[in-house]
Amino acid sequence: MNDRWIDLHTHSTASDGTLTPSELVRYAADKRLRAIALTDHDGVDGLDEAIAEGGRLGIEVIPGVELSADHPAGAMHILGFFVNRQRTNFLDRLRHLQQARNERNPRIVQKLRALGLKITYEEVRAASGGGLVGRPHFAKVLVQKGYVSSMQEAFERYLKKGAPGYVEKFRFGPQETIGMIHEAGGAAVLAHPFTLFKEDSDDLEPLVKELSTAGLDGLEVIYSTYSHEQSRLYRELAEKYELLPSGGSDFHGAHKPGIDLGFGQGQLRVPFEWVEPLRRKARGYGVA
Ligand code: AMP
Ligand code: ZN
Ligand code: FE
Ligand code: FE
């Protein structure tokens with residue numbers, strides 16, 4: 001039996017994953033996972049389909065989202081679990097973030113073209129398959145056209161912050177981001193803090209303290225690429241600041257080669273027991 005494992009960080013074609021929401025859930029069934037959270041960037045459009053497929057296959061699909069938040073320390077990702085996708089305030093704010101994306105994306109195309117790369121926004125939109133457009137779709141087109149040999153190289157040479165094709169986009173602050181998740185009846189969890197602090201820096205603890213004061217509910221203490229030291233540090237911080245543990249692979253299908261649903265690079269195991277405390281926490285905000 002391996003159906004005690006779950007995955008609380010996944011992406012579908014509704015944002016920048018390569019499996020449709022129902023394909024993702026069917027794949028979770030193949031992997032004998034008991035529950036997954038679908039956490040697409042800035043949107044909830046994949047949730048109905050994923051939840052319906054989960055109902056057919058007997059897999060719990062937790063309605064989630066992944067939002068970027070701006071902080072002087074850098075951009076951070078905050079996951080929302082058990083969000084109510086009918087709340088109008090929440091949907092309005094998501095639309096605002098989607099609009100910011102739609103303004104940013106053509107500017108990335110302009111920058112890449114100014115560098116001599118023959119790429120059009122239509123090609124990028126086609127690569128996204130109709131969902132929300134993100135940087136991995138630009139990377140995919142650059143690979144297809146032979147300008148780079150991998151997604152990773154596309155980010156390194158053109159798309160990552162500081163690279164010549166990078167364009168900033170609007171984000172809410174951490175407090176507003178946590179607030180919008182709570183308003184939607186969801187629990188807010190800080191994802192992969194190492195993207196803020198590449199080393200296991202002392203800077204992380206004050207930030208976690210600040211975010212927990214702002215209402216943060218949990219910390220992603222298991223993640224595909226964490227070292228043992230990172231995982232241990234994040235568990236200690238979660239305990240110290242009474243944050244719930246969460247964990248997931250950040251599965252993106254073919255957009256993140258080597259990261260598998262539920263199992264990450266092979267070692268990842270997130271226990272089903274972590275779902276209930278998150279659900280209870282979310283219920284405390286209203287509507288889960
Ligand atoms: P966006 O939200 O459109 O700015 O795109 C962000 C997404 O791009 C992240 O969620 C990752 O999936 C991917 N990404 C960001 N930085 C990198 C990187 N250095 N290498 C590979 N993928 C990345
Ligand atoms: Zn992504
Ligand atoms: Fe992320
Ligand atoms: Fe993610």
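The legends below describe close-up views of a predicted model.

Local features are given at pLDDT of at least 70 and side-chain atom pairs at pLDDT 80 or more, while totals for chains, interfaces and linings use all residues. Residues are numbered from 1 along each chain as its sequence is written, chains are lettered from A and ligands numbered from 1 in the order in which they are written, and side-chain values use heavy atoms, without hydrogens and water.

**View 1. Phe170 and Phe172 form an edge-to-face aromatic pair.**
The structure holds six aromatic pairs; rings of Phe, Tyr and Trp (its six-membered ring) pair if their centres lie within 6.5 Å, and planes under 30 degrees apart count as stacked, over 60 as edge-to-face and the rest as tilted. In the pair of Phe170 and Phe172, the centres are 5.1 Å apart and the planes stand at 85°. Phe170 is partly exposed because its relative accessibility is 40%, whereas Phe172 is buried at 7% (buried means under 20% relative accessible area, exposed over 50%, partly exposed in between, with a 1.4 Å probe and protein chains only). The charged end of Arg93 sits over the ring of Phe172, 5.1 Å from its centre (NZ of Lys or CZ of Arg within 6 Å of the ring centre and within 35 degrees of the ring normal).

**View 2. Ring pairs link Phe194, Tyr223, Tyr226 and Tyr234 into a cluster.**
The rings of Phe194 and Tyr226 have centres 5.9 Å apart and planes at 85°, so this pair is edge-to-face. Phe194 lies in the loop between strand E5 (187-190) and helix H8 (204-213), and Tyr226 in the loop between strand E6 (218-223) and helix H9 (228-240), 32 residues apart. Helices (H or I, at least four residues) and strands (E, at least two) are DSSP runs, numbered from the N terminus. Phe194 is buried at 16% relative accessibility, and Tyr226 is buried at 11%.

**View 3. Helix H3 (residues 88-114) packs with helix H7 (residues 174-183).**
Their axes are 8 Å apart, at an angle of about 140° (axes are lines fitted to C-alpha atoms, for helices over the stretch in contact, and angles run from 0 to 180 degrees between N-to-C directions). H3 is therefore oblique to H7 (under 35 degrees is roughly parallel, over 145 roughly antiparallel, 65 to 115 roughly perpendicular and the rest oblique). Asn89, Phe90, Arg93, Leu94 and Leu97 of H3 make the contact with Glu176, Met180 and Glu183 of H7 (heavy atoms within 4.5 Å).
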